[in-house]
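I opened this model to look up two things.

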Amino acid sequence: MTTPDPVHPAWLPPEAFRAIGSRRTLVLGDGLLAGTVHDEVADACARYGGRVRRGAEDGPYDLVLALTTEPLPGVAGEVRPDSAIGAEGYLLARRDGVTVVLADDPAGLLYGLFHVVRLGERAFAGELQAERHRPAMRRRMLDHWDNVDVHPVMGQVERGYAGGSIFWRDGAPRGDLARVRAYGRLLAACGVNAISVNNVNVRATGARLLTDRLGDVAALADVLRPYGIRVHLSVSFASPVVLGGLPTADPLDEGVRKWWAGVTERVYDTIPDFGGYVVKADSEGEPGPFAYGRDHADGANLLAEALEPFGGVVHWRAFVYNHRQDWRDRSTDRARAAYDHFAPLDGRFRDNVILQVKHGPVDFQVREPVSPVIAAMPATRLAVELQVTQEYTGQQRHVCYLPPMWREVLGFRPWGPDGTAVADVAGGASGDGGGLVAVSNVGDDPYWTGHPLAQANLYAFGRLAWAPWTDPAAILDEWIDLTFTPTATGDTEALRHTLHAIMDGSWRTYERYTAPLGVGFMVRPGHHYGPDVDGYEYTPWGTYHFADRDGVGVDRTRATGTGFTGQYPPPWSEVYESLDRCPDELLLFFHHVPYGHVLHSGATVVQHIYDTHFAGVEEAIEARRRWEEAAALFDPSLHARVEELLDEQVRCAEEWRDQINAYFFRKSGVPDVRGRRIP
Ligand code: GCU
């Protein structure tokens, strides 16, 4: 094991444990995770002078963390509930000067401990009526798009903006297990309980993690297990051919089924708590069942069958579309593809298949409607996939706090105001839904995420997966308190104000200076950073805006367009179909309109484009000003890093503004009513 570089502690600096570390704690319960709880408290006590006991002993105690299966002393016994707390859940109470965390399983104890960490001194003040906490999602998972080999274009981490992988380097394990352990600890503290450790575009060495390189995966699993995190693996659908030497990977072939059964058994011999497989099939060149004339239910069920005896799951991605489309062909609509492929298969997937659906129908743009697949498959377990890595949202050079977007997605009600929300679909009626998955934004950067403020997105993802109805601003407060307390000057309120001013609205700011009104893309092809309005317009990727001298936008209506609006249940099928009712921010996703079309806001489309692009840059400049003013509140090197990045954000925002405004001015010939300078 190599010594890690100095690494920023993110939301778990030693000070976060001060309140616990100076107190007397009792930990009651067996098992690996109860051991973790004890060790965490013991480390804190070594630093701050408290003490911790494991197993009943005479008190008094300030904090008792106990499994409900144990004989519970004193106050812990008094607050023991009559009914089950439930998997990974915990009960928190405070009475007669004792804070109590009870859980039915050791994972619940661990999450309860981190709740006490979040509360800090507040956990030891006054009385607290027993409150119960349970995760809304059973699976709260991060997918790493980490390549084992360095890819000539994508590098070590595909769409990674925070340096190299914390797992792999140049085709081999990095061996820095201390860093992996620290990562696991951070994830547990925000509630994540699963990760997949290699890119969904599996590639040669990545594929071998399933067989001769399985030991490398086991080493990661060993380090993450004490934090309640299960390891999953992205596998190639062609594995029977490329690894097993079979002539086919046909999902209905008996030899192929046996091969997967045998390989999977070996995986579980090596990693008994292995989570399962993640599969990107028939997508952007990855192999899949279509090659054999089979569909995606055949493909997913093949792997599910192999995993089933061991309790594993297959995350089968719904990101399937034609990436070799002819741009002249106006009838093919990439937004339609996932629904067209998967909705007819509803009911055909085995129970341990989780269909992993990107939150929007296209590809993680700054603004998309919610994917209609989420409402189309009531007989399938669905996971909703988010992108914490900021591929299309500023690549961790721009501040873009994403939870307000995620919260909108999770709170969206596809069947109308009285219907179920996306969060409930992912959570499942009885907690057995597919859960929430996101592409991780972490790398070997000392701040983990390149942009130090992008740590907040990772933290918030875990917290929203646990409790999707939480206010993003409240999550930001938690993150601020944990990460920055105490502050360099002791002025917590000023620091809090600064970060809220910069981060709360940063997603909308980013939206304002980039692609307008839900039209998407307009980014530099390939790396996806910075503006290039026509960059994708005449390519095979299916991401077009159709701007001409008269207007812009994609007609996805049933009446005159691709018919995509018909994939939604009412009322949305009608709302999106209607030019009058379609929400402004999605107008160009659903409609092709003249530049003079008047929005609900009262502005014309082209004037809206000018206004928002000027405003977005102003907001970025204001964020930089706020940050510069707050230098004294932050650690100098962190402050300097963010300052540099804000300079780049302002530069890039200006470039966006000028290219977008100039493009639409030249196309339309319509001047800015306010007479501002458009180059
Ligand atoms: C995006 C991204 C790719 C990635 C793909 C996916 O298109 O640009 O790098 O492989 O999503 O989700 O599989």
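My entries on the ligand site and the pocket follow.

I note that this is a predicted model, where local features need pLDDT of at least 70, side-chain atom pairs count only at pLDDT 80 or more, and totals for chains, interfaces and linings use all residues. Residues are numbered from 1 along each chain as its sequence is written, and side-chain values use heavy atoms, without hydrogens and water.

**Ligand**

I found 14 residues around the ligand, each with a heavy atom within 4 Å of it. Among the closest are Glu-158, Lys-280 and Glu-391. By class, this shell has eight charged residues (Asp, Glu, Lys, Arg), four nonpolar (Ala, Val, Leu, Ile, Met, Phe, Trp, Tyr, Cys, Pro) and two polar (the others, Gly among them).

I then checked side-chain polar atoms against ligand oxygens. Asp-363 has one at 2.6 Å. Lys-358 has an N or O atom at 2.7 Å. For Glu-284 the distance is 3.4 Å. The protein covers 96% of the 320 Å² of accessible area (Shrake-Rupley method, 1.4 Å probe) that the ligand has on its own.

**Largest pocket**

I read a volume of about 490 Å³ for the largest pocket. A pocket here is an open set of points on a 1 Å grid over the protein atoms alone, where a 1.4 Å probe fits, with protein on both sides within 12 Å along at least five of seven lines. Its lining (residues with an atom within 4 Å of a point) has 20 residues, with Pro-9, Leu-12, Arg-181, Ala-182 and Arg-185 closest to the centre. H5 gives the largest share, six residues. Because domain 1 (14-133) and domain 2 (140-470) both contribute to the lining, the pocket lies between them; the bounds come from an automatic or database domain assignment.

Key. Polar contact = N/O pair within 3.5 Å; in protein donor to acceptor, adjacent residues only side chain to side chain. Points joined across faces, edges and corners; volume = space filled by probe spheres on them. Helix = DSSP H or I, 4+ residues; strand = E, 2+ residues; numbered from the N terminus.
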